[in-house]
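Here is a short briefing on one protein chain. Look at the model first, then read the points below.

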Amino acid sequence: KQWYQRRVAITAGKGAKVIGVSGTKDKRQITGNFAVTLSGEFLPVQIIYQGKTKRCEPKFKFPSSFHVTHTHNHWSNTLTSVQFFEKILLPHIESVRASINSPEQKALLISDVFRAQHTQTL
């Protein structure tokens, strides 16, 4: 598995394939944490909004497998990294282990050098 995070603009600019809200100067961003398996399967996404309470998260109904959360600045941190591992990566690893009937099968995670992903907790 490879784990990658990316800052994402909420509204699109001129020439984008996504249509933003007309007349808005909204420059808010979110962070998306993505993972893909060696076979090319994309796992559910973790989406991090900026805010102090759950009210900053949209009312939009994301797929139940996604993990939607928030931090004060929309950046990933140790807590969101642990949540990503627990809610996205670990369920997938356990599912693969069950499908091959090998509960002790090792898994390899490739990540960048972002320090929140390299803590004692993980």
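Which residues form one aromatic cluster? Phe60, Phe62 and Phe66 do. The model is predicted: local features need pLDDT of at least 70, side-chain atom pairs count only at pLDDT 80 or more, and totals for chains, interfaces and linings use all residues. Residues are numbered from 1 along each chain as its sequence is written, and side-chain values use heavy atoms, with hydrogens and water left out.

**Overall layout**

- The protein chain has one helix and four strands. Both are DSSP runs, numbered from the N terminus: helices are H or I with at least four residues, strands are E with at least two.
- Along the sequence, the pattern reads β-β-β-β-α.
- Of the 122 residues in the protein chain, 30% are buried. Buried means under 20% relative accessible area, exposed means over 50%, and partly exposed lies in between (1.4 Å probe, protein chains only).
- The protein chain exposes about 9000 Å², and carbon and sulfur atoms supply 56% of that area. Such areas come from the Shrake-Rupley method with a 1.4 Å probe; for residues, only the protein chains shown count as cover.
- Take the contacts between residues at least 6 apart in sequence: 48% join residues at least 24 apart. A contact means heavy atoms within 4.5 Å.

**Confidence**

- The protein chain averages a pLDDT of 81, and 71% of the residues score at least 70. pLDDT is the predictor's confidence in each residue, from 0 to 100.
- Confidence is lowest in strand β1 (residues 2–9), with a mean of 58, and highest in β4, at 94.
- Over residues 18–22 the pLDDT is below 50. Beyond near neighbours in sequence, this stretch has two contacts in the model.
- Where pLDDT is low, the predicted coordinates should not be read in detail.

**The aromatic cluster**

- The whole structure holds two aromatic pairs. Rings of Phe, Tyr and Trp (its six-membered ring) pair if their centres lie within 6.5 Å; planes under 30 degrees apart count as stacked, over 60 as edge-to-face and the rest as tilted.
- Phe60 and Phe62 are edge-to-face, because their ring centres lie 4.9 Å apart and their planes meet at 80°.
- Phe62 and Phe66 are stacked, because their ring centres lie 6.2 Å apart and their planes are at 20°.
- Phe60 counts as exposed, at 57% relative accessibility. Phe62 counts as buried, at 18%. Phe66 counts as partly exposed, at 28%.

**How the strands pair**

- Strand β2 (residues 29–36) is mostly covered: six of its eight residues are buried.
- β2 pairs with strand β3 (residues 46–50) in the antiparallel sense, over three bridges. Two strands pair if DSSP finds at least two bridges between them.
- Asn33 has Gln46 as its bridge partner in β3.
- β3 and β4 pair in the parallel sense, over five bridges. Gln50 stands opposite Thr71 in β4.

**His67 and strand β4**

- The covered face of β4 holds His67, Thr69 and Thr71, while the uncovered face holds Val68 and His70.
- His67 lies in β4, which spans residues 67–71. His67 counts as buried, at 10% relative accessibility.
- The His67 side chain makes a polar contact with the Gln46 side chain, at 3.0 Å. A polar contact is a pair of N or O atoms within 3.5 Å; within protein, one must be able to donate a hydrogen and the other to accept it, and residues adjacent in sequence count only if both atoms are side-chain atoms.
- Leaving aside residues up to four places away in sequence, His67 touches Val45, Gln46, Ile47, Gln83, Lys87 and Ile88.
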